[in-house]
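Student: I would like to go through this structure with you, beginning with the terms. Could we look at it together?

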Amino acid sequence: MKKYKFYNRIAAWFVFFVATVTYILTIEPTTSFWDCGEFIASSYKLEVGHPPGAPFFMIVARFFSLFAFDNTQVAKMVNILSAFASSFTIFFLFLTITHFAKKILVKTEKEISNSDLIAIIGSGIVGSLSYTFTDSFWFSAVEAEVYASSSLFTAAVFWAILKWEDVANEKYSSRWLVLISYLMGLSIGVHLLNLLAIPAIVFIFYFKKYKFTRKGLGLAFIISIFILGGIQYGIIPQLINFASKFELFFVNVLGMPYNTGVLIYILLLFGGLIYGIHFTIKKKKVVLNTILLCFTVILIGYSSFTMIVIRSLANPPMDENNPENVFSLLSYLNREQYGDRPLLFGQYYNAPLMKVEEGRNIYSQQNGKYVITDKKVSYKFHPKMQTIFPRMYSGVSNHPKSYKNWANIKGIKVQVTDRNDETKTLAKPTFSENLKFFFSYQIGHMYFRYFLWNFVGRQNNTQGHGGILKGNWLSGIDFIDEIRLGSQENLPSSMKNNKARNTYYFLPLIFGLIGFIFQYKKAKKDSFVLGLLFFFTGLAIILYTNQTPYQPRERDYAYVGSFYVFAIWIGFSILSIYSFLKNHMPSKNSAILSFTVAFLMVPVLLASENWDDHDRSGRYTARDFAKNYLNSCEKNAILFTFGDNDTFPLWYVQEVEDFRTDVRVVNFSLLSAGWYINQMRRKAYESESIKFSVSESGYLQGKRDHIYILDKISAYTDLKKIVDFVASEDPKTKRIPQLGDERIDFIPTKNFRIPVDAQKVMDNGTVKQSNNKNILSDLDFNLKKNSIGKNEMAILDIIANNDWDRPIYFVISAGNDSYLQLKDFFQLEGWAYRLVPFNTKNKRGEIGINTEIMYDNLMNKFVWGRMNEEDVFIDNQNIRTTRIINIRENFTQLAAALLDENKKEKAVKVLDKCVNLMPHNKFPYDYNILEIISNYYRAGESEKAVEVSEELLNICVEELEYYSSIRENLKYNINHEKNTKLQILQRIFRYAVDNNQDEFSKKLGKKFNEFYDK
């Protein structure tokens, strides 16, 4: 056994070393998109991120950030935290595999034979390194997200219960259970995914301590669910809920200072636990003592959330949800801002809303008391349009259409009477259609597709919502792939040479299934435990999250726990092959051969296929794009942003790299929360506070959440007067005669006017003196809607009170509806529109451009994250972001404006830079490239126009030839892409004809007619 332990430890550190080198070589050197920028910023300055928070992750990340030589290296250090967390996960995975493998091959404590030793260690190496190089786990290992750290906790607690299993009959074995409980408590401060290991842990305990019976098995399952639910729905929210009851009593009833009730509650709680532990030791009640110790250490781990409250009380610039008292902390932990979803019973997507019921009180601190400012509401839908296990419940946006596509809904006719006493006939989906969506979309598309990405292969990294071209699993075995995706023989270069096209030929899946079958035959109880862990970290998440269609991003990172389990089974495949071969050849040779075959066919294959599209080294796009947003703004500007990827990276560069802290970033979505609006009233770094007419209490939750717009006044009305009207608490401003005495927030006109002080806008540089003739006395605009939310009201409030003192910008990546009908007065200066006091529309009806500023930005100031360098991989998220920002359109708009001003030389430089910056092999050509061709022709650069057109022609021909090879029953999947390419061909043909490119136009015409006829 000594020899086994020695080699087992050596091999464990070997796989740790391989994983660490892999991840550090491929980490992103700065922030990534999505939540990474927010996590890095909140960790660096210990600020408060989005609910439900990750305080323990923040503490550890802060520690890692201390090793940064300067603040530009902070993100890299936090990314390295993820790399180390992931490599330690691999370390524990190895030890887990060898633990189970030894149980299978070695039944007694005798010395292990060399052949068995090779097979056991080999299974650990193959299984752990296979997981090292899997697609989803590797993705999380190289960025500053919580999922790598969460995986480490899952791996560590599962390994710990196996260590307990080894010493379960020894005197102090329960210390391992206490350690597991403490790790569980700490993991709450990272992510709740770790709790899903509890059922598997309970069954390891059951199988070790008790004789197997069906009754015992059922009871163990019930206890495991009770513990899981007890932590998630009991300890996490209810401890805070009980604290809120104490706080409310001591403050509101007894008149004591804020937080008195919380402190007394904490003293009573821990006093009771200390007494209980002392009592159980004294009375030698071992089981009860262990339970109390486990509960206590869970609370100690969970106590990392006190940092959230402490830091919120300090009012840092990033203070999401402002959880500085027990009531706001409870809302924060419950993620209430994200809403609810039905799980066991609820409505279908087209169910009429019948009533809104008030629930729990929402409290705010006012004048030394807790005052009810709102109530949590619940929505009740028509009972005829409800079902058990509702999977298709969302009526938002395009979800209903997607439900119909995925489930092929025909429905049954149901007659209902809504809350307005109107009778209507609705098509209620059948329960079988409900299940069809569950199996086809939620299970098939949102789980097994990801599972097969990791163990069969992946078509590309373009997010897929169905169809045959984007985000499917792909084996590399053509005749199998053709059944689902059509012919794979005539692929265009964009698909064939995509670095994210990774094919494993089913090998990891086959080896994993061999390992699973082998373990099931040899160790049924252990296979049941791993199966349980596989289910709870995979399919159970699908059941719980009840995902809607059109998720904003792929969600494979949430299911890596189940992929972890499958990697264990991949390791066991060596034992299966070894057990078979040793009956036909020497044991040692069979062990070596089994290891060699599995090692080459799984981890080596995965590493070779996945390295190029998981290597983020040298890529700085998220950081540099954030800088470009901020550099689009003049000093002391207010910049309205709208999504995660035009907000979180900006927070990162401001909070961590101290870049352009004079600009106040204001997120449109967060403006719907009163706490966020009130934080905007505070100065942040070099950015002065923002002025509002509505008071702090006037924007609290429940106040001015929804403002109706009535068309009572036809004349254009001063925006400041409108805002003051909404801000007023005078009952006359809240009553509409037709609605009786009900209090309603409303605006009595749809016609708004922003006055302009001409001298002021010239003095502060908003308008140049040379452009003073264009200044309007008022900006008149009309809101073509019947109501606005609090966030839109807040924007109007900011604009009205700004009075042209500070430059106001809106990022260009938002939808038109977000601009409040102000686009006539927008001027494009980079990646943001500036609000200016004149109508900017040009003769083509496009938003006007300040060519001097924009040229300087695009050509000189802006940085591009090395995105055009050969050694930098541009993944789909980066491509999506460039399309959302419309970088090519930015360049072409500037070039067109320069041509309008007869500045051809500058226009050509702009077009040249765009072509060189965004080559097709990294950023696929789309409609925007047509404007580059058009502007080249306008600038007299026909040769360059033809050169780009030729490249575009070759791309279109390649793709159209591929589309024409798709068999008929799949062609509906590619109609949009096919028609787009035909339209592009038609456009470049028209450009060639109009610019007398006779030879080229003949070639284009011939190709167009050829494919049009097809």
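Tutor: One definition first: a residue is called exposed when its relative accessible area is over 50%, buried when that area is under 20%, and partly exposed in between. Please keep in mind that this is a predicted model.

Student: Then how does Glu-968 count, and at what relative accessibility?

Tutor: Glu-968 counts as exposed because its relative accessibility is 64%. Its side chain forms a salt bridge with Lys-971, with the closest N and O atoms 3.3 Å apart. Lys-971 itself is at 21%, so it counts as partly exposed.

Student: What is the partner of Glu-357?

Tutor: Glu-357 pairs with Lys-355, and their closest N and O atoms lie 3.2 Å apart. Glu-357 is partly exposed at 29% relative accessibility, while Lys-355 is partly exposed at 44%.

Student: Changing topic to the surface: which residues gather in a patch of positive charge?

Tutor: That patch is formed by Lys-107, Lys-110, Lys-521, Lys-522 and Lys-582. Lys-110 sits in the loop between helix H4 (74-105) and helix H5 (114-132).

Student: Is Lys-110 buried or exposed?

Tutor: Lys-110 counts as exposed because its relative accessibility is 55%, and the cut-off for that class is over 50%.

Student: What makes the nonpolar surface patch?

Tutor: Phe-17, Val-21, Leu-25 and Trp-611 make a nonpolar patch of about 370 Å². Helix H1 (residues 2-26) gives the most to this patch, with 3 residues. As background, an α-helix has 3.6 residues a turn, so residues three or four places apart point the same way.

Student: Where is Trp-611 found?

Tutor: Trp-611 belongs to helix H23. Its relative accessible area is 31%, so Trp-611 is partly exposed. Ser-594 is also found in helix H23, which covers residues 587-614. Ser-594 counts as buried, because its relative accessibility is 1%.

Student: How far from Ser-594 is Ala-727, between C-alpha atoms?

Tutor: The two C-alpha atoms are separated by 75 Å, and the residues are 133 apart along the chain.

Student: How many residues of helix H24 are buried?

Tutor: In helix H24 (residues 621-631), 11 of the 11 residues are buried, so the helix is largely enclosed by the rest of the structure. The buried residues include the charged-type names Arg-623, Asp-624 and Lys-627, and also Phe-625, Tyr-629 and Leu-630.

Student: On to cysteines: how many disulfides does the structure hold?

Tutor: The structure holds 0 disulfides. For Cys-914, the closest cysteine sulfur is in Cys-956 at 17 Å, which is too far for a bond; a disulfide would need the sulfur atoms within 2.5 Å. Cys-914 is buried, with a relative accessible area of 1%. Cys-633 is buried as well, at 5% relative accessibility.

Student: Where in the backbone is there a cis peptide bond?

Tutor: The peptide bond from Pro-51 to Pro-52 is cis, with omega near 0°. Pro-52 is placed in the loop between helix H2 (36-44) and helix H3 (55-65). For context, most residues other than glycine have a negative phi, and most peptide bonds are trans.

Student: What is the phi of Leu-820, then?

Tutor: Leu-820 has a positive phi of about 55°, although it is not a glycine. Leu-820 lies in the loop between strand S17 (808-811) and strand S18 (826-828), and at 2% relative accessibility it counts as buried.

Student: And what about the phi of Arg-866?

Tutor: The phi of Arg-866 is positive too, near 60°. Arg-866 is in the loop between helix H30 (851-861) and helix H31 (876-885). Its relative accessibility is 31%, so Arg-866 counts as partly exposed.

Note on methods:
Residues are numbered from 1 along each chain as its sequence is written. This is a predicted model: local features need pLDDT of at least 70, side-chain atom pairs count only at pLDDT 80 or more; totals for chains, interfaces and linings use all residues. Side-chain values use heavy atoms; hydrogens and water are left out. Patches are made of residues with over 30% relative accessible area and no salt bridge: like charges are joined within 9 Å, nonpolar side chains (Val, Leu, Ile, Met, Phe, Trp, Tyr) within 5 Å. Accessible areas come from the Shrake-Rupley method with a 1.4 Å probe; for residues, only the protein chains shown count as cover. A salt bridge is a side-chain nitrogen of Lys or Arg within 4 Å of a carboxyl oxygen of Asp or Glu. The place of a charge is taken as NZ of Lys, CZ of Arg, CG of Asp or CD of Glu. Helices (H or I, at least four residues) and strands (E, at least two) are DSSP runs, numbered from the N terminus. Buried means under 20% relative accessible area, exposed over 50%, partly exposed in between (1.4 Å probe, protein chains only).
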